Amino acid sequence: MTTPSPPNPTGPFSLARLAVMRSLAVASPHPGAAFAARRRRLHPSAADRDSISQRCWRCEKTRDRSFGSSLRVSHLPGTLHRDVSKNLLTPTAAVSVEEAEATADLPKGDMWSVHKFGGTCMGTSQRIQNVADIVLRDLSERKLVVVSAMSKVTDMMYNLVNKAQSRDDSYITALDEVFEKHMEAAKDLLAGEDLARFLSQLHADISNLKAMLRAIYIAGHATESFSDFVVGHGELWSAQMLSYAIKKSGTPCSWMDTREVLVVNPSGSNQVDPDYLESEKRLEQWFVRHPAETIIATGFIASTPDNIPTTLKRDGSDFSAAIIGSLVKARQVTIWTDVDGVFSADPRKVSEAVILSTLSYQEAWEMSYFGANVLHPRTIIPVMKYNIPIVIRNIFNTSAPGTMICQQPANENGDLDACVKAFATIDKLALVNVEGTGMAGVPGTASAIFGTVKDVGANVIMISQASSEHSICFAVPEKEVASVSAALHARFREALAAGRLSKVEVIHNCSILAAVGLRMASTPGVSATLFDALAKANINVRAISQGCSEYNITVVLKQEDCVRALRAAHSRFFLSKTTLAVGIVGPGLIGRTLLNQLKDQAAVLKENLNIDLRVMGITGSRTMVLSDIGIDLTQWKGKLQTEAETADLDKFVHHLSENHFFPNRVLVDCTADTSVASHYYDWLKKGIHVITPNKKANSGPLDRYLKLRTLQRASYTHYFYEATVGAGLPIISTLRGLLETGDKILRIEGIFSGTLSYIFNNFEGARTFSDVVAEAKEAGYTEPDPRDDLSGTDVARKVIILARESGLRLELSDIPVRSLVPEALRSCASADEYMQKLPSFDQDWASERNDAEAAGEVLRYVGVVDVINKKGQVELRRYKRDHPFAQLSGSDNIIAFTTSRYKEQPLIVRGPGAGAEVTAGGVFSDILRLASYLGAPS
Ligand SMILES: NC(=O)C1=CN([C@@H]2O[C@H](COP(=O)(O)OP(=O)(O)OC[C@H]3O[C@@H](n4cnc5c(N)ncnc54)[C@H](O)[C@@H]3O)[C@@H](O)[C@H]2O)C=CC1
Ligand SMILES: N[C@@H](CC=O)C(=O)O
Ligand code: NA
């Protein structure tokens, strides 16, 4: 049976002695030619390495500032790497497996290198062999490798104890399974004498365990040390197997039962404190007995000062590696796991999370506190004392450099974004708010509150108190809040009754979002940036906390907002500031033209302005297509046919607002539909920006319009609609500019209809009215139903939009309109029927035109906003041939603003005011305006 040996008092182990041993080890050549050959293969010449490292200049750059030679590594294709200096994420170049292997060199040096391999790394015989190969590739003179049990074995061992103490006979078969698992692995891995030795030890251990479990079975109880003794066998076996696997290659290797060395004292529930002095003494003695240069040590297990077996509890093997690393003053502790390193945020929540190249000890600590699966904080304590870096690396991707946790990396430039290293969240919290005027200036209130919380054993996760001392709030796990609240009500019953405290309030369903970064402390603007990102994502912050160490800024928010907040904050610091998730409603003429323009311009925008536009969905009235990362705009038409689902506007909007990773979301309504426009209010309320050329919302019922504007102005969402008047011409923005700078609008008059402009500009000579209307429709100037243009409704809508923009409270019905649709055609069932019947009225039109011509005049359809008299009108007028309105061509609009400043000569905007390209261009320019409001560079 393997039991911890008592400490060996002989053989003092001094640093001087260690140094002598080390030099002896260096002098002795590595046995085995195969190893030497592998060494050459794995360590190419400097010239070779340079040529490799040139493939990935980003890595090279990172290497210089943080990782040393171990980072002459190229990433696997598709790995995202954060170049902190530019804050851009760049997929790295592909490298061959050989190159990756050759460059994945492990630390070299004249000191100890400590590795830790967890259960997943030791999961099968092949994986154990892989671990052996990695250890052999490390050319450090001395290596100490800490291993966990094979994956699942610790659970199997605990299960044995549980079964035995609950007198469940099946512990015997369960023990057989444990035996089988290790026997199979050993048979795969080892041969000959080594295998025989291992199996004989395994047999002996299993029969001892059987006896011990039998005793537990009879007693119906296992003490903690019995249980720890049983459970620790997983590590004993895996360490021995790995040690034999390394020896196979001819490299001398010893295995260490760390119960002989590591001494710990229990400290509170489920925690232990290492006794470093005693452990160091025992380690010295162990080295005297086992002078090997490669040592495989059992993780997780240790002894009490009285040599009773115990364990290091949760994440024990990491802790073992850190303690041992500090005992031997290792130059590095490498923790091997199954991820590429520490992510900037939980990658299950933020698909764009990146692996961080470095983290300071404090940052790693904060991250673990806030639930990131980094390292248990206690693992950091031993190594921090001696500034020993910990590197987290992926055993399944050895070409990835991993994350180095060390003293504050002296690498990064001073830019704001580099200050925040990562984000973490904690869900299922409740906020307790204790409030009352009687708290201010009364010493002992906080103590009474937190004393009460402590008495119910609740864990306070964050605390916030304003300097007014009027209220104090703190977060506790949701499952503990009922008892906290009851205890506080009981404790402060009198104060509440007397009104000194006004309330003890519980806010359920909260989450914490924490931004972590060491250099936040010395960089102004970090919290402003964080809160700005949250505000722009329309997220309400309930409480804030930031200690003066400023390693983290903590905000409490509604749990339902947490993932969105995390994404908003993450993308603000890690992505392009202006990644915009776009949903297009109505891929008709304008919609599809816009999509083509976006396709052609996306790369330029990304490159020049750091604007990242992702079309997450396109919906027509019948079908829609959705994407989580952005639709390939070279394929959207095909996808809308082949990959489409039935259109469902609610689902579409939900997809945009909830189902993607980008915090800035915008819906672009390219329909002419009133019902689509009726949703803007809800979209804005959800924090989705709205952009549209659709006039229906702004020219619909006044109360709805005002409600929409009020909401939008009070929120951080934007609503742009430049293309509703004059298509791409700067009409709304010109009017806004005049108003916002204090000018007074007196009158706006113009030709607002591209269609009607085109018609009357071209309705000359022998041409018929109906031909020219058909041409305008063909050219894409008309509304989906051209009667909307010819009835004057479209112009009236534009007049209303400008009137309301100028402060008039007018309804569409307040505008007198002369309709150009003959009475008889108003009831046509379709636009097509109207177009067919229109020629029968050509004669009437010809005579109206001829009358005007005879008087030296032309017909023009105009709209007027008369601000002084608070009215609008739309009519067909005759103008002399030399009037500016008579000079137009094509689909030109002309809009004259008469204002206090532009009184003598109006300010005139003129140009094509309809058509697919110019209208889509106007919508596109609103999208870019939004991006710039969101922070895109100008
Ligand atoms: N054509 C032009 O020169 C200008 C047009 N506009 C406006 O642009 C908008 C679009 O005009 P066009 O592209 O010419 O019209 P269109 O008729 O070609 O396209 C509208 C698209 O919206 C789709 N649609 C309708 N209802 C829908 C719903 N409930 N859900 C999803 N999709 C729906 C239709 O199926 C169609 O594909 C209109 O509001 C128009 O007033 C504004 C300025 C100039
Ligand atoms: N049909 C409209 C298009 C722009 O709003 C027009 O002709 O002006
Ligand atoms: Na416009």
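**Two ligands and their surroundings**

A polar side-chain atom of Lys695 lies 2.5 Å from an oxygen atom of ligand 2. The model is predicted. Ligand 2 has 13 residues around it, and ligand 1 has 26. Ligand 2 sits in the second largest pocket, and the second largest pocket is also the space taken by ligand 1.

Ligand 2: contacts and cover

- The residues that come nearest to ligand 2 are Lys695, Gly754, Thr755, Glu783 and Asp789.
- Gly754 has a polar backbone atom 2.7 Å from an oxygen atom of ligand 2.
- Asp789 places a polar side-chain atom 2.7 Å from a nitrogen atom of ligand 2.
- On its own, ligand 2 has 250 Å² of accessible area, and the protein covers 95% of that area.

Ligand 2: makeup of the shell

- Helix H30 (754-762) and helix H33 (793-805) are the elements that give two or more residues to the shell around ligand 2.
- This shell has five charged, five polar and three nonpolar residues.

Ligand 1: contacts and cover

- Ile590, Thr671, Asp673, Glu783 and Gly915 come nearest to ligand 1.
- A polar backbone atom of Ile590 is 2.8 Å from an oxygen atom of ligand 1.
- For Gly588, a polar backbone atom is 3.4 Å from an oxygen atom of ligand 1.
- The side chain of Asp673 has an N or O atom 2.8 Å from a nitrogen atom of ligand 1.
- Of the 840 Å² of accessible area that ligand 1 has on its own, the protein covers 81%.

Ligand 1: makeup of the shell

- The shell around ligand 1 divides into three charged, eleven polar and twelve nonpolar residues.

Methods
Residues are numbered from 1 along each chain as its sequence is written. Chains are lettered from A and ligands numbered from 1 in the order in which they are written. This is a predicted model: local features need pLDDT of at least 70, side-chain atom pairs count only at pLDDT 80 or more; totals for chains, interfaces and linings use all residues. Side-chain values use heavy atoms; hydrogens and water are left out. A residue is near a molecule or strand if one of its heavy atoms lies within 4 Å of it. A polar contact is a pair of N or O atoms within 3.5 Å; within protein, one must be able to donate a hydrogen and the other to accept it, and residues adjacent in sequence count only if both atoms are side-chain atoms. Accessible areas come from the Shrake-Rupley method with a 1.4 Å probe; for residues, only the protein chains shown count as cover. On a 1 Å grid over the protein atoms alone, a cavity is a set of points where a 1.4 Å probe fits but cannot get out, and a pocket is an open set with protein on both sides within 12 Å along at least five of seven lines; lining residues have an atom within 4 Å of a point. A molecule sits in a cavity or pocket if more than half of its atoms lie within 2 Å of its grid points. Helices (H or I, at least four residues) and strands (E, at least two) are DSSP runs, numbered from the N terminus. Ala, Val, Leu, Ile, Met, Phe, Trp, Tyr, Cys and Pro count as nonpolar, Asp, Glu, Lys and Arg as charged, and the others, Gly among them, as polar.
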